[in-house]
Amino acid sequence: MGLTPLDIHNKEFKRVFRGYDEDEVNEFLDLVIKEFEILIREKKELEEKVAEANEKLSHFSNIEESLSKTIIVAQETADEVKANAKKEAELIIKEAEKNADRIINEALSKSRKIAMEVEELKKQASIFRTRFRTLLEAQLEMLENDDWDKLAKSDLNEVEELRVSR
């Protein structure tokens with residue numbers, strides 16, 4: 001803006017014979033100067049407010065941009081954590097399945113071994129029972145034999161003879 005209140009104040013007009021009333025022109029110019037000063041002051045205040053608003057807008061734009069970047073980074077981090085957790089869970093499940101298979105296989109192996117041992121013990125028990133029965137039958141047969149009575153009587157006689165001879 002090229003015109004200032006000082007320019008208006010210092011403006012001098014030529015005097016002419018039939019011109020305007022000088023006091024009236026000066027009063028009007030004083031009024032114009034005051035209004036012009038008010039407008040300039042308001043303009044300056046508004047420019048300061050606009051500058052301040054632009055500064056705040058820039059600040060908030062920076063905050064918005066920073067928040068956007070932070071949200072994107074947080075989302076990416078969350079996705080990465082989620083993916084890692086999923087991979088870890090899958091590894092844990094696979095490891096658990098391997099352990100379960102190993103435990104089942106060991107249990108089946110032990111079960112087969114115990115079953116074979118039980119069968120072996122049954123065979124041995126059957127053999128023992130058969131032998132024991134055979135032994136008992138042989139002993140009973142010996143007891144039922146008449147030779148036993150003869151042997152028992154002859155032994156008593158021999159014991160008597162030995163005693164008498166001494």
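View 1. F60 counts as exposed because its relative accessibility is 52% (exposed means over 50% relative accessible area, buried under 20%, partly exposed in between; 1.4 Å probe, protein chains only). The model is predicted: local features need pLDDT of at least 70, side-chain atom pairs count only at pLDDT 80 or more, and totals for chains, interfaces and linings use all residues. Residues are numbered from 1 along each chain as its sequence is written, and side-chain values use heavy atoms, without hydrogens or water. F60 sits in helix α2, residues 22–144 (helices are DSSP runs of H or I, at least four residues, numbered from the N terminus).

**View 2. The salt bridge of E47 and K43.** The N to O distance is 3.3 Å (a salt bridge puts a side-chain nitrogen of Lys or Arg within 4 Å of a carboxyl oxygen of Asp or Glu). Both residues lie in helix α2, four residues apart. E47 is partly exposed at 44%. K43 is partly exposed at 41%.

**View 3. The salt bridge of K69 and E65.** N to O is 3.3 Å. K69 and E65 are about one helical turn apart because four residues separate them in helix α2. K69 is exposed at 52%; E65 is partly exposed at 44%.

**View 4. The salt bridge of E119 and K122.** The closest N and O atoms are 3.8 Å apart. E119 and K122 are three residues apart in helix α2. The whole structure holds five salt bridges.

Definitions and conventions:
Helices (H or I, at least four residues) and strands (E, at least two) are DSSP runs, numbered from the N terminus.
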